[in-house]
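Here's a quick briefing to read with the model open next to you. Grab your viewer and follow along, topic by topic.

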Amino acid sequence: MLYAGIAWSADGYEVEVIDADGNRATAPTHWGAERVPELTAWLGAPGPSSEPPRAVVVESTNGLVDGLFTAAGLPVYRADPWVLPERPDFGSVPASSLAERARTDLASLSPLTAEGGGQTGRDDDYHGGIRRSAAQEEELVRAGRWFRHGPRDRDEIALTFDDGPDPVFTGQVLDILARYGVHATFFCVGLHVHALPDEVRRIVDAGHSLGNHTWSHPFLPDLSPRQFRLQLDRTDEAFDRAVGRVPAVFRPPYGARTPEALAELRPGGPALALWDVDSWDWARPGPEKIARTVLDHAGPGSLILMHDGGGDRRQSVAALPTVIEGLLERNLRFVAADELLGVATAKGARTGE
């Protein structure tokens, strides 16, 4: 029986696989973010025994790989902070600690599902953080730096994609957008910006916009203010290296927020852009359901949430032409999220609606 731990770092993922006695079943391996599809396939049959792991363990600050793993049928578990040793400010606990936790106390870990995603079982923490953030959100709204949608009196919408760039699906999304000549905004994770700068440049060269979506897609209630700040800053640095600019908008993973995190959105920093239309494509309900969900709920000013990374996005890609055609038939114009929200695109001062 095998147990695999997946840790994230500044330049990819560290993997440790141990057996039921705690011995290494394979040598520790390193995988760049551009190789996550290969890692997924490898985890299905690691080592000479070709035995799939009993559990693949990620921690709550790593929300980038569980979608692909669950889609591949792997048993994925999340380790929360209270069952792990102290985490560094940037990076996760060692992969060996994650694998060992599964071997010795699997019941202390949370099994993840496609429907629940990386925050499966954390609804109370999620909603509690949002409730506690009400005062900070009001301040950001007054400052023109917190949005769920844009103005409702203009026939404009923003189509947005989270969790990329992805080595497989981002290019497919870009090809479809080019076919229809429409604009989108890509909320990218820093780990993948670092690994796939050419994809980020392709996004920009095609005339699309960028947003900051943290470095490792963490569950924000589990981060200290410093850890959250590092997630934002390191991602901005990766954008700057790739395309010479940083985004004017930020989207928190899962839409989670806490007052401690919001306090780190300093004056002159990015505006927080949520959404008013969730396609639910991350749950893989089928292309027809994804398209119908968007078309049933989108209207002038909508911020539409879809995904080009963080999982198996074949259904998202298949649904996209129907989504675009349906919105074009309503004479809605596709604009960048920062344009829809009236947020300046250059680094520096930003304005609100």
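Is R122 buried or exposed? R122 is buried, with a relative accessible area of 4%. Keep in mind that this is a predicted model, so treat what follows as a reading of that prediction.

**Salt bridges**

- Across the whole structure, a search turns up 22 salt bridges.
- R122 pairs up with D125 in one of these, at 2.6 Å from N to O.
- Another salt bridge joins the side chains of R226 and D89, at 2.7 Å from N to O. R226 lies in helix α9 and D89 in the loop between β5 and α3, so here the tied parts are 137 residues apart in sequence. D89 counts as partly exposed, given its relative accessible area of 36%.

**A buried aspartate without a salt bridge**

- D163 is placed in strand β8 (residues 156-164).
- What is the nearest side chain of opposite charge to D163, and how far away is it? It's R313, at 4.1 Å. A salt bridge needs the nitrogen within 4 Å of the carboxyl oxygen, and D163, though buried, has no salt bridge.
- D163 does have a polar contact: its side chain and that of H213 are joined at 3.0 Å.
- Setting aside neighbours within four places in sequence, the residues in contact with D163 include F187, V189, H192, H213 and H217. Also among them are H307, D308, G309, G310 and R313.

**How the helices pack**

- Helix α6 (residues 169-180) packs with helix α8 (residues 197-205) at an angle of about 10 degrees, their axes being 11 Å apart. That makes α6 roughly parallel to α8.
- On the α6 side, T170, G171, L174 and D175 meet E199, R202 and I203 of α8.
- Helix α8 also packs with α9, this time at an angle of about 70 degrees and with axes 9 Å apart. The two helices α8 and α9 are therefore roughly perpendicular to each other.
- P197, V200, R201 and V204 are the α8 residues that meet F239, R241, A242 and V243 in α9.

**Backbone spots worth a look**

- Some background for this group: most residues other than glycine have a negative phi, and most peptide bonds are trans.
- The peptide bond from G164 to P165 is cis, with omega near 0 degrees. You'll find P165 in the loop between β8 and α6.
- T214 isn't a glycine, yet its phi is positive, at about 75 degrees. It's in the loop between β10 (209-212) and α9 (225-243), and T214 is buried, with a relative accessible area of 0%.
- W280 has a positive phi too, near 60 degrees, and isn't a glycine either. W280 is in the loop between β13 (277-278) and α11 (287-297), where it counts as partly exposed at 44% relative accessibility.

**A buried loop leucine**

- L274 is found in the loop between β12 (271-273) and β13. Is L274 buried or exposed? At 2% relative accessibility, L274 counts as buried.
- Not counting residues up to four places away in sequence, L274 touches W146, F147, R148, R251, P252, G255, R257 and L303.
- L274 and H30 are 244 residues apart along the chain, and their C-alpha atoms are separated by 33 Å.

Key. Residues numbered from 1 in each chain as written. Predicted model: local features only at pLDDT ≥ 70, side-chain atom pairs only at ≥ 80, totals over all residues. Heavy atoms only, no water. Helix = DSSP H or I, 4+ residues; strand = E, 2+ residues; numbered from the N terminus. Buried < 20%, exposed > 50% of the residue type's maximum accessible area, 1.4 Å probe, protein only. Lys, Arg positive; Asp, Glu negative; His and termini not counted. Polar contact = N/O pair within 3.5 Å; in protein donor to acceptor, adjacent residues only side chain to side chain. Contact = heavy atoms within 4.5 Å. Axes fitted to C-alpha atoms, helices over the stretch in contact; angles between N-to-C directions. Parallel < 35°, antiparallel > 145°, perpendicular 65-115°, else oblique.
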